[in-house]
Amino acid sequence: MKTIVNVPSRQNTMRELRDYLMIALGMVLYGIGWTVFLLPNDITTGGVPGIASIVYFATGFPVQYTYFAINFLLLLLALRVLGWKFSVKTIFAVFTLTFFLSIIQKLTEGVVLLHDQPFMACVIGASFCGSGIGIAFSKIFGIEAPYALLASAGGTDIIAAVINKYRDITLGRVMLICDLIIISSSYFVLKDWEKVVYGYVTLYICSFVLDQVVNSARQSVQFFIISDKYEEIAKHIQVYPHRGATVINASGFYTGKEIKML
């Protein structure tokens, strides 16, 4: 009896490598937005980074350690409930962000941008964070895969995916509730409702930019071609631009004539 071993092709290997590089780029962008613009201006974001920010504001404990510790526990939960395939790229994303957080903070130590303009810091920081998450999501989840089927970006989305598995509650609603609770709780540390409002604005901008980045990669174009020379057209389509075509039997409503549609 022969054993068949599936050897990944060069194309698949390069695609996977490109995905991991893009995830790393996304985490770098997120790290810049978080530690350069949001943290120095006492602005809280959602998810695990929001919890890490609150701990930092209260104790001064480095955000990367809190972020890694909480995500480590969540990843154990994800591995147990959702399986290994769900968490592979998430683990890479968590380790990458933890690593780059330390580097970014060392490189920008003592640098406080837009200190007297918290709203601009909120907008720019949230744009960086949203772009970073969007790039990572598009590679972690896959462009054609719905959220939480293949992986997670690490954080409250893990909690949302676990709850969604056992309860008929949408992922977006669970994540929104978690993020609102986290941002609102920052008031007990900062004692400033204005900073809490900036946190809400950050959450909205981050979500908006994330959607723009992810959805921009989901565009598609479809043509319906009606012609008596459908066979000739289909053969040319297969050669250039090297795309497939499906022949559909149709009929004109007014004429009642049977036609072929590509």
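**Hairpin**

I started with the hairpin in this predicted model. Strand 1 and strand 2 form it, with 6 residues between them. I looked at the turn and found Gly256 there, with a positive phi of about 75 degrees.

Next I checked how the strands run. Strand 1 covers residues 248-251 and strand 2 covers residues 258-261. They pair in the antiparallel sense, over 4 bridges. I picked Ser251 and asked: which residue is its bridge partner in strand 2? I found Glu258.

**Nonpolar core**

I then turned to the largest nonpolar core. How many residues does this core have? I noted 31 residues. Those with the most contacts inside the core are Met27, Tyr30, Trp34, Tyr67, Leu97, Cys129 and Ile133. I also looked up which helices supply the core. Helix 1 (10-38), helix 2 (47-59), helix 3 (63-81), helix 4 (84-107), helix 5 (118-140) and helix 9 (193-216) each supply at least two of its residues.

I wrote a general point beside this. In soluble globular proteins, nonpolar side chains tend to be buried together.

I took Cys129 for a closer look. I left aside its neighbours within four places in sequence. Cys129 is then in contact with Leu29, Tyr30, Gly33, Trp34, Leu38 and Cys206. Two of these names, Tyr30 and Trp34, came up again when I looked at rings: together with Tyr67, they form one aromatic cluster.

**Aromatic pairs**

I looked up the aromatic pairs, and the count comes to 11. I followed up two of them.

Tyr20 and Phe92 form an edge-to-face pair. I read 4.8 Å centre to centre and 90 degrees between the planes. This pair links distant parts of the chain: Tyr20 is in helix 1, Phe92 is in helix 4, and they are 72 residues apart.

Phe37 and Phe128 form a stacked pair. I read 5.7 Å centre to centre and 20 degrees between the planes. This pair also links distant parts of the chain. Phe37 sits in helix 1 and Phe128 in helix 5, 91 residues apart.

I checked both for burial. Phe37 has a relative accessible area of 9%. Buried means under 20%, so Phe37 counts as buried. Phe128 has 28%, so Phe128 is partly exposed.

How values were computed. Residues are numbered from 1 along each chain as its sequence is written. This is a predicted model: local features need pLDDT of at least 70, side-chain atom pairs count only at pLDDT 80 or more; totals for chains, interfaces and linings use all residues. Side-chain values use heavy atoms; hydrogens and water are left out. A nonpolar core is a set of buried Ala, Val, Leu, Ile, Met, Phe, Trp, Tyr and Cys residues joined through side-chain atoms within 4.5 Å. Buried means under 20% relative accessible area, exposed over 50%, partly exposed in between (1.4 Å probe, protein chains only). Contact means heavy atoms within 4.5 Å. Two strands pair if DSSP finds at least two bridges between them. Rings of Phe, Tyr and Trp (its six-membered ring) pair if their centres lie within 6.5 Å; planes under 30 degrees apart count as stacked, over 60 as edge-to-face and the rest as tilted.
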